Each structure stands twice: as structure tokens, then as C-alpha cells.
Amino acid sequence: MALPSLPAGTLDPGIYIVATPIGNLGDITLRAIAVLAGAGLIACEDTRVTGKLLKHLGIRARLQRLDDHASPETRARIIDEARHTAVALVSDAGTPLISDPGYRLVREARAAGVTVTSIPGPCAAVAALAMAGLPSDRFLFAGFLPVKDKARRETLEGLADMAATLVFYETAPRLERSLLAIAELWPQREVAVARELTKLHEECRTGTAAALAAHYATHPPKGEIVLLVGPPGEDEVPAPDTDALLRAALAAAGPGKAAGVVAKQTGIDRAALYARALELKDE
Ligand code: SAM
């Protein structure tokens, strides 16, 4: 199939919000390629990252850095240029504005009467939601959780009654702490960790937050992550009957080993299980 190519200057003026791949370079639409090839200017988060994508696509273009620290003057210049030129807005990966720069530019461009259009494509939040098997009829995208424990907990508490699947962006080093915070607040809810989407080591793992925390404690995660939490209610994972599991394990092993086996099965803290196993053993 011939890829669309447009000589620079043949697109209508305006701002074109262009989604780019979130890993697999094949995930770029024909329209996105045409717009990147035809734009008079590409505003991008990082010129090196976008430069690599353009090189892969065989496109030469004029680039202008536009990150979260861009000055009002930089945005005003880009908006002015978009009155007579097609300006593409891209971020390092995925859909601009979704936990990425662009909001102020788009808002100010619209206010200035400049045409703004969207060239949709990859977005990690949507890709994860589509594959996690959690309710997808209502979802709330909440960006990155705060880093500090107290702020993270407060953010989660504020979302407790939301009757929707919650979608967060997460980083590998923080995943376990976030899962433990979720486990404490909502031990029954179904949680999904969607990692390295569209890449070689893509995975989507589901379970309770405690079970997932236990998994990632022994298999430290790498790469990029979307964390999803199912809504409160019918789809919650039933609480494991830990006493029954411990009794079964105690039939074959002592309290220490039994606690270890059940901790692996459920993701529940081993010390708490050990204390309970000692009680059950003496019953
Ligand atoms: N604008 C992007 C989008 O549309 O998805 C998101 C940019 S945000 C700065 C980067 C975060 O998105 C990562 O930390 C991760 O949480 C998520 N993300 C991006 N690519 C991903 C991938 N391939 N797999 C899983 N999560 C990804």
C-alpha cells in the first residue's frame, strides 16, 4: 500500500494533534503520517525522540520544542504560525495532552480562533482498558498517582465511591507501593497491571492488589505500566477463605510452610497468616 505523502504546505492551516506509537512503531495511522509529512512545523515534547520517529518514517520537518515548561511567548508564536500553516502537535509517545504536554496550547489556540483538529491513535490508557477485562462502560482516567504515601492514599480515598474502572499511569519502581495502598483500601477489588503494551514483553496480569503486589515483589517489574482498578460492586474478587486454605496447607505442613504456601496463593502478608496458622494448629 502506498503511504500518503503530502508536500509541506498542502494541509489547511491549524493545529493537528497527532497520536504516535506507544512502543510498536507500526502503530501509526496513515493520516498521522500524512499530517507529519505535510506540516509546516511539528511542535514536540522532545526533538530527539520525535526526530527518531520522523527518521523512521522518512520525514524531514521543522521541529519546535513544546514541553510543560514552554513559555506563553513560545505558545503564542506557535499559535500565530498555525493561522497560516499546518502545525502538528506530538508528544514522545501516544496521544498528546493525555498526561503529556499540549493542554495550554490547545486551549489558547481555540480561544484565538485557530482551528484545532485531532488525528487519533495510540493511547496507553485506552489500550490497557480494552485488554484488561474490567468493566469498560464507565472509566475514570486519573493520570499518575502521587508519589508520597499520604497523598497517594488521599487520592485513592477520594475515588473510593466512583462507580467506574479507575485507570492510572504508573512507573515500575512505584508499582508495588501503589498496589499495597490499593490492597489496604480495597482488598476485594479486581486490579489489572498492563505493562509494556505493544512491545515485546507485553503483559496484562489481573487479580487482587495484594496478590499482584506479592507477584511483583518477587518479579520486579520493568518498563511502562498502566494500573487499573475495577469498580466497587459485583465484579469484586471474592475474599479468599484463608482459614480453609490454611487448614488444607496445615494438613501437609507445619505453620511456617503453610503460611508461606497461602501467602503465595492469596498475596496476603505471610506474618499475619503464620500467626493465624499457629492458632488453627492448636484448635
Ligand atoms: N500520552 C501517552 C498516552 O497516550 O498513553 C502517555 C504519556 S505518559 C507521560 C507515560 C505513561 O503512559 C507511562 O509512564 C505509562 O504509565 C503509560 N504508558 C505509555 N506507554 C505505555 C506502554 N507501552 N505500556 C504501558 N503503559 C504505557
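In this predicted model, Leu175, Glu176, Leu179, Leu180, Ile182 and Ala183 of helix α7 are in contact with Ala209, Ala210, Leu212, Ala213, Tyr216 and Ala217 of helix α8. Sorted by class, the residues of this contact comprise eleven nonpolar, no polar and one charged.

Two packed helices are described by the angle between their axes and the distance between the axes. Here α7 (residues 172–185) and α8 (residues 209–218) pack at about 155°, and their axes lie 8 Å apart. Angles over 145 degrees count as roughly antiparallel, and α7 and α8 are therefore roughly antiparallel to each other. The crossing in which α7 passes α8 is left-handed.

Attention now turns to the strands. Strands of a sheet pair through backbone hydrogen bonds, either parallel or antiparallel. Five strands form an open sheet in the order β3-β2-β4-β1-β5, and their pairing is parallel. At the edges stand β3 (63–65) and β5 (116–119), each of which pairs on one side only. On average, neighbouring strands of this sheet are turned by 25° against each other, direction ignored.

Within the sheet, β2 (residues 41–44) and β4 (residues 86–90) run parallel and are joined by four bridges; Cys44 stands opposite Val90 of β4. Helix α1 (residues 30–38) lies across β1 (14–18), β2, β4 and β5, and runs at about 130° to β5.

A further parallel pairing, over four bridges, links β6 (residues 139–144) with β7 (residues 165–171). Phe139 has Thr165 in β7 as its bridge partner. From β6 the chain crosses through helix α6 (residues 149–158) to β7, a β-α-β crossover that is right-handed.

Notes:
Residues are numbered from 1 along each chain as its sequence is written. This is a predicted model: local features need pLDDT of at least 70, side-chain atom pairs count only at pLDDT 80 or more; totals for chains, interfaces and linings use all residues. Side-chain values use heavy atoms; hydrogens and water are left out. Two strands pair if DSSP finds at least two bridges between them. Helices (H or I, at least four residues) and strands (E, at least two) are DSSP runs, numbered from the N terminus. A crossover is right-handed if, with the strands pointing away from the viewer, the path from the first strand over the helix to the second runs clockwise. Axes are lines fitted to C-alpha atoms, for helices over the stretch in contact, and angles run from 0 to 180 degrees between N-to-C directions. Angles under 35 degrees count as roughly parallel, over 145 as roughly antiparallel, 65 to 115 as roughly perpendicular and the rest as oblique. A crossing is left-handed if the near helix is turned anticlockwise from the far one by less than a right angle, and right-handed if clockwise. Contact means heavy atoms within 4.5 Å. Ala, Val, Leu, Ile, Met, Phe, Trp, Tyr, Cys and Pro count as nonpolar, Asp, Glu, Lys and Arg as charged, and the others, Gly among them, as polar.
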